[in-house]
Protein chains: 2
Amino acid sequence: MTHPISPLAPARFPDLPAIAGLEAAIGRAGFYKHERPDLLLMRMPEGTRAAGVFTTNAVGSAPTDWCKQALSATRGGARALLVNAGCANSFTGPAGDAACKRALESACAHIGVETREILAASTGVIGVLLDDAKIARAMPDLSLHPVNWFDAASAIMTTDTFPKGSGATCEIDGVTVNIAGIAKGSGMIAPNMATMLAFVFTDAALSAPILKTLLKAESETSFNAITVDGDRSTNDCVLLFATGQAKVPPIADAHDPRLAAFREALSGVLRDLAIQIVRDGEGATKLVRVIVDGAASDASAKIIARTISESPLVKTAIAGEDANWGRIVAAAGRSDQPLKREMLSVRFGDLYAARDGMVSPDYDEAAMSAYMKRDELEITVTVGPGAGRAVMWTCDLTKRYVEINGDYRS
Amino acid sequence: MTHPISPLAPARFPDLPAIAGLEAAIGRAGFYKHERPDLLLMRMPEGTRAAGVFTTNAVGSAPTDWCKQALSATRGGARALLVNAGCANSFTGPAGDAACKRALESACAHIGVETREILAASTGVIGVLLDDAKIARAMPDLSLHPVNWFDAASAIMTTDTFPKGSGATCEIDGVTVNIAGIAKGSGMIAPNMATMLAFVFTDAALSAPILKTLLKAESETSFNAITVDGDRSTNDCVLLFATGQAKVPPIADAHDPRLAAFREALSGVLRDLAIQIVRDGEGATKLVRVIVDGAASDASAKIIARTISESPLVKTAIAGEDANWGRIVAAAGRSDQPLKREMLSVRFGDLYAARDGMVSPDYDEAAMSAYMKRDELEITVTVGPGAGRAVMWTCDLTKRYVEINGDYRS
């Protein structure tokens, strides 16, 4: 099945900064019948620190289990990363764990790194055991070079229609540092695929606990603030590596004000990658920013925003360019969160559809219809007098989504 | 928009038993542009007891607010019921409450019942104020007769493709009693409609607290065990009325063993109506029974069953007749419920797809494909060694669902 490029794709792949000390190799293990790279191997310099956030799906997968255990054993040390597309190695039991380990051993032997220092990610079909022999056979053809980000992002795609990258440059205490990241996927939208992966690199010399704190916090408003179909996958993982080549003064605390610019730059990269994933949502024709404010807390606002963002009725209405605010109100109402019905308002861009618990007195159908024809929409829902606020990105639900996900094996 | 009758519709409307003392009138207020009845008015004899279960959607609606308050004020007394289709009178503020009350007053004046003894239900577009003058104008044409269940069930339909009824006859302590019920809707699947309503009647002389206890308990495994799109509506309501014409010995406790047969019959009627609603799921071509067992508790099993039943990836796979068990496993995994990965199994009918945390060794693609072609499917997911079990009914997610819900206003 071929996938035409998403109408919401960025015009071009961005120029990403080089991360000193980082090397990558692209290869083909043959997990796909057609010719395409499906292996990405990266090597980092000694002293690289790493942190990860992983899917909370209880089924999980061999590579996410591996990463969690490896990061814990090395206290956030890492020298390499092996990613394959085409097989998720999820729900494959102890045999899957063993296959994952053998694949990593073959990669480590090839690039001269200890097995305990490599991290792993797999994406593809769930329930199929990783054929690690294919990976071992591909190794001799893999040669490390400075990273070509476009090629690296392309090698980890499954049914993505465009490679995803984002980067930034900022200063930590007067020292210039770089950030570059790639991602793949779109929720668990791809047929039987699993799915969202992101790898972000910086040359800044930062400790593993600081990386972990920043990654966790900034994932909340980026990767944890997007939804395509609500189907959280078994293999989701975001890894952040710091090669340490840009020598910044020792910083002990993630909340050190000297990290403010870095944190903001990292946040921007993560959010950019996350939104690109929604832009590549299967069948998506609209990118929608859902803002909920006036809630009892930020957490409550996020639950409401997510309920709206995942409602099939809201998403199909958006596909039909219908400003169906009644469905948005109903979705907010079923989120089991505190809300003041008489203060509820719904805005599309600057246009009020509902205000103070009723249809807006200045509701303008023509202006609303014109707004709904845009590719990118913003829906703001005020649910009460509180200070809680959240932003979520979602896409519409089209016939093409059903087609892609229903007709996969036929 | 016309709706072809669901391929899953029952062959015919059932013969329902008469409920002594019950009368009904069908009318047309004109909430629809085309000619169709949109009003159902029912009168019950003095001494009728009633109980209701209502949507937990925080937005709610004027009629559900009315019912809750009326049932509380009368301690479960009721003499009449007014239902309209075409306008949900939800999210209409105090003006909606006043309109609801005026509509009920006009109905009560017409049939000689106190306003505080009538219950109300509305279904249709959210956010539009009920035009109660239309209802008042229709009253003179409404004349009460013994109930024609087919006509009654037809008058409350919105985008339903067939009227839904179910009945039973059983004994309480040697006395024959009857149960008859009607329902409309399909989750919140109808375009901007709101939505699931059911009204069940018995001639048994039972107290309001007993009715309430039975209705609440049996709704759990019927109306609370179905899902089409997860969009719980603002107007959902199930009302149970007991006219008391069949004089049974006084029973004080809902758990009295003399009620066992009645409870079972009631449960059957509620479940039958609930499943008919799924059969009329917008665009549905498959009725799916999802069974989860081995869970930590029944409640946990229900959450897992619901997560599977509402997963767009699972539902689109079923539409495509694809036994995509990896998606079922992933949905179970993201339900945030305790499960033993190494004990997980997935069965389609009697065919194992996954067993003991891996693909089943005897997985037979040809047999599986043949099974998936059926109209009615059963999926059993074992998640561990526990005693928790739940059953949920759902349907597939087809392009037709997107079409109906996306193209509504165009």
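User: In this predicted model, which residues have the most contacts inside the largest nonpolar core?

Analyst: The model is a predicted one, and its largest nonpolar core has 287 residues. In soluble globular proteins, nonpolar side chains tend to be buried together. Within this core, the residues with the most contacts are A:V329, A:A332 and B:V329.

User: How many of the residues of helix 9 of chain B are buried?

Analyst: Helix 9 of chain B runs over residues 325–333 and is mostly covered.

User: Which residue with a positive phi follows helix 8 of chain B?

Analyst: Helix 8 of chain B spans residues 312–319 and is mostly covered, with eight of its eight residues buried; among them are B:P312, B:K315 and B:A319. The helix is followed by a residue whose phi is positive, near 55°. That residue is B:E321.

User: Is A:C67 buried, partly exposed or exposed?

Analyst: A:C67 has its place in helix 1 of chain A, which covers residues 62–73, and, not counting residues up to four places away in sequence, it touches A:G52, A:F54, A:L119, A:A120 and A:C237. A residue with 20 or more other C-beta atoms within 10 Å of its own is classed as buried. Because A:C67 has 23 other C-beta atoms within 10 Å, its class is buried.

User: Why is A:L129 classed as it is, and what is that class?

Analyst: A:L129 lies in the loop between strand 5 (118–125) and helix 3 (132–138) of chain A. Not counting residues up to four places away in sequence, it touches A:N89, A:T92, A:A95, A:G96 and A:A99, and its C-alpha lies 5.7 Å from that of A:G96, although the two are 33 residues apart in sequence. Because 18 other C-beta atoms lie within 10 Å of it, A:L129 is partly exposed.

User: How far apart do the C-alpha centres of the two domains of chain A lie?

Analyst: Chain A is divided into domain 1 (23–279) and domain 2 (287–406), and nine residues of domain 1 are in contact with 11 residues of domain 2. On the side of domain 1 that touches domain 2, the residues divide into six nonpolar, two polar and one charged. The C-alpha centres of these two domains of chain A are separated by 33 Å.

User: What is the radius of gyration of chain A?

Analyst: Chain A contains 11 helices and 17 strands. The globule rule gives 22 Å for its 410 residues, and the value for chain A is close to this, so the chain is as compact as a globular protein of that length. Its C-alpha atoms fill a box of roughly 70 × 55 × 40 Å along the principal axes, and the radius of gyration is 22 Å.

Notes. Residues are numbered from 1 along each chain as its sequence is written. Chains are lettered from A and ligands numbered from 1 in the order in which they are written. This is a predicted model: local features need pLDDT of at least 70, side-chain atom pairs count only at pLDDT 80 or more; totals for chains, interfaces and linings use all residues. A residue is buried if 20 or more other C-beta atoms lie within 10 Å of its own, exposed if 12 or fewer, and partly exposed in between; C-beta atoms are placed from the backbone. Helices (H or I, at least four residues) and strands (E, at least two) are DSSP runs, numbered from the N terminus. A nonpolar core is a set of buried Ala, Val, Leu, Ile, Met, Phe, Trp, Tyr and Cys residues joined through C-beta atoms within 7 Å. Domain bounds come from an automatic or database domain assignment. Two residues are in contact if their C-beta atoms, placed from the backbone, lie within 7 Å. Ala, Val, Leu, Ile, Met, Phe, Trp, Tyr, Cys and Pro count as nonpolar, Asp, Glu, Lys and Arg as charged, and the others, Gly among them, as polar. The radius of gyration is taken over C-alpha atoms; the globule rule is 2.2 Å times the number of residues to the power 0.38.
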